[in-house]
Structure formats: structure tokens, C-alpha cells
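Keep the structure open as you read.

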Amino acid sequence: MILSDYHIHTSFSSDSEQNPEDIVKKAISLGFKNICFTDHNDFDFPLEEGKVMFLLNYQEYIKYFQNLREKYKNSINICIGVEQGLMKSVSSSVNNYDSGRQLDFIIGSSHLVYGQDPYYPDFWDKCSIDDAILTYYESIIENLKCCDNFDVYGHLDYIIRYIPDKSYIYDWHRYQDYLHDILKTLIENGKGIEINTAGLKYGLSEPNPCSGILKMYRELGGEIITIGSDAHSMNYLGYKFDIIPDYLMDAGFDYYTIFRQRKPEFIRL
Ligand SMILES: [Zn+2]
Ligand SMILES: [Zn+2]
């Protein structure tokens, strides 16, 4: 059983209305031992209807979760994390974030591809699906050259959730040279990846990244691997975690990773 969820959003994120304390209560009722809140911070995210999106009030956030952690310390281990949007144009803000080291964990994610959001169908209108996915991986390689202040790369290959043509068959081998470079760079820089189960509710057949990429990560010497539901509501806490132990073992892992104070700890399956 995986009893740690390391990717959770709350009402501190622009796209969630979830009360954080209710998540804690739910996690305790499900028997979770460790949870890490990872609300969004995306510097320079495009305005939506004139509103600033995905910018975290860092001081308020830290204070709120420090209090929550204290309140429930006898029942569950609460960690404080952030899901940071990585982009070359904001790399100095990313690299200077949390300089006082109050966070336990930072997920680095790509929510924008050179400033464009693949969530919207017009992202896909400009070129072929293959080229759009290649551009996404190319942008990740660029992000890795300039952003260093994170622990794992979030939901690698998640862009496939948003392909408008649902008959398109995704084959990761088409992008394997890029993926090889991405994974190698992550490993050399001491970073990990996460297994993210949120895509399963979009109809994907596997978590992100897919099993082929997970195996490649292992073969290249990757060791750090966190597990996250990416829940934006408490109903999805630990979503489909029952399939993860087999998924990990098939790829050659007999443990998974959690972080405390930005340091990895390994938990046997
Ligand atoms: Zn994300
Ligand atoms: Zn997320």
C-alpha cells in the first residue's frame, strides 16, 4: 500500500476550491501516513479574464500549513510543498524561490509550452500532434538548462491528456531521443520524477509518465520517484494508488520516495 500522497492542491491554487483541513481529515480516515500539499505557483502565467492566475501568497501559505501540521502532528505527517511552473523566462524567480528553505518539497512542472497553454484546443491547431508533443519535450530540455530549484519533474508526458483528437494513439518511442536527454539530465542533476495518477480520470490507460518512460528512467539509473494523485478535490486523494506497487515493480523499483526538508527518504513497498 502506498500511504503517502505527494501531489495535492487546495483552495490556495486558482483551480481548486478544496478546504485544506478537510483533506487532512480525509487522509487520516484513509490511513495515510504522509501527505504533501503542493499548490500551484506559476510565474508569468497568462491572465484569465483579467485575473492573475496561479500565484501563491507564499508567506500566508507557509504560515497556514505550519499551523495545520502542528495541529495534526500526532495523526499524520504533513509536508509543505509547491508545484512550481518551470520556464526559461522565469528561471531566476524559480531559482530564488523559498530561499529561506521552509518548504519540504518542490515539484517542477511544465504547464506552458513557450508561454502557450496546451489545455486549450487552439494550442493544437498550429501544427501536427507529433510536432506539438515534440515542442513540449524540447521546452522541457530548455527548462532543465536554466531551472534547478526543484526536486522532481511533475507529470512528465501529461500533455497527452489534452490531445483534442481522441483517436490519436500516443507512442512514446517517437520522442525517445528527447526523453532520453530529459531523464539523463534529471538524474545527473540529482532530480527525480513523479508518478502522477490524475490522468487516469481523463481516460488515459496508464499514469504519467507511461510505463515505457518509467522503465527508461530506471535503466538510466533513476532512483528518486514520488507518487502523487494531483487531487484538486479530496475525493481524488490517493486516486488509483492501488495499481502503483505493480507499476513500480514492473519497472524495477521496490520502493518509492517522499521528501522532508527537501531531502529524499525511501520507503519500501
Ligand atoms: Zn501540474
Ligand atoms: Zn498539480
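Leaving out neighbours up to four places away in sequence, Y217 contacts L183, I193 and G222. Y217 sits in helix α6. It is a predicted model, so local features are taken only where pLDDT is at least 70. Is Y217 buried or exposed? Y217 has 26 C-beta neighbours inside 10 Å, so it counts as buried; the cut-off for that class is 20 or more. H180 is 37 residues from Y217 in sequence, yet their C-alpha atoms are 8.2 Å apart in space.

Helix α6 covers residues 211-219, and its axis comes within 10 Å of the axis of α5. The two axes cross at roughly 45°. That angle makes α5 oblique to α6. The crossing of α5 past α6 is right-handed. Which residues meet here? From α5 come L179, H180 and L183. From α6 come I213, M216 and Y217.

Now turn to the other partner of α5. Helix α5 spans 176-188, and the buried residues of α4 pack against α5. The axes of α4 and α5 are 10 Å apart, at an angle of about 25°. That makes α4 roughly parallel to α5, because angles under 35 degrees fall in that class. The α4 and α5 crossing is left-handed. On the α4 side, the contact is made by L134, Y137, E138, I140, I141 and L144. On the α5 side, Y178, L179, D181, I182, T185 and L186 take part.

Next, look along α4 itself. How far apart are the end C-alpha atoms of α4? Helix α4 has 18 residues, 129-146, and at 1.5 Å a residue it should span 26 Å. The buried residues of α4 are I133, Y136, Y137, S139, I140, N143 and L144. They cover an arc of only 155° around the axis, so they lie on the same side of α4. The face turned away from that buried side carries the exposed residues D131 and K145.

The strands come next. D5 lies in strand β1, residues 4-8. D5 is buried, because 29 other C-beta atoms lie within 10 Å. Which residues does D5 touch? Not counting residues up to four places away in sequence, D5 touches F32, I35, I227, G228, S229, L237 and G238. E49 is 44 residues from D5 in sequence and 32 Å away in space, C-alpha to C-alpha.

V82 belongs to strand β3, which runs over residues 77-85. V82 is buried too, as it has 25 other C-beta atoms within 10 Å. Beyond residues up to four places away in sequence, V82 touches T38, D39, N41, L56, L103 and I106. H232 lies 150 residues from V82 in sequence, with the two C-alpha atoms 14 Å apart in space.

Conventions
Residues numbered from 1 in each chain as written. Chains lettered and ligands numbered in written order. Predicted model: local features only at pLDDT ≥ 70, side-chain atom pairs only at ≥ 80, totals over all residues. Helix = DSSP H or I, 4+ residues; strand = E, 2+ residues; numbered from the N terminus. Expected span 1.5 Å × (residues − 1). Buried ≥ 20, exposed ≤ 12 C-beta atoms within 10 Å, placed from the backbone. Arc of directions from axis to C-beta. Contact = placed C-beta atoms within 7 Å. Axes fitted to C-alpha atoms, helices over the stretch in contact; angles between N-to-C directions. Parallel < 35°, antiparallel > 145°, perpendicular 65-115°, else oblique. Left-handed = near helix turned anticlockwise from the far one by under 90°.
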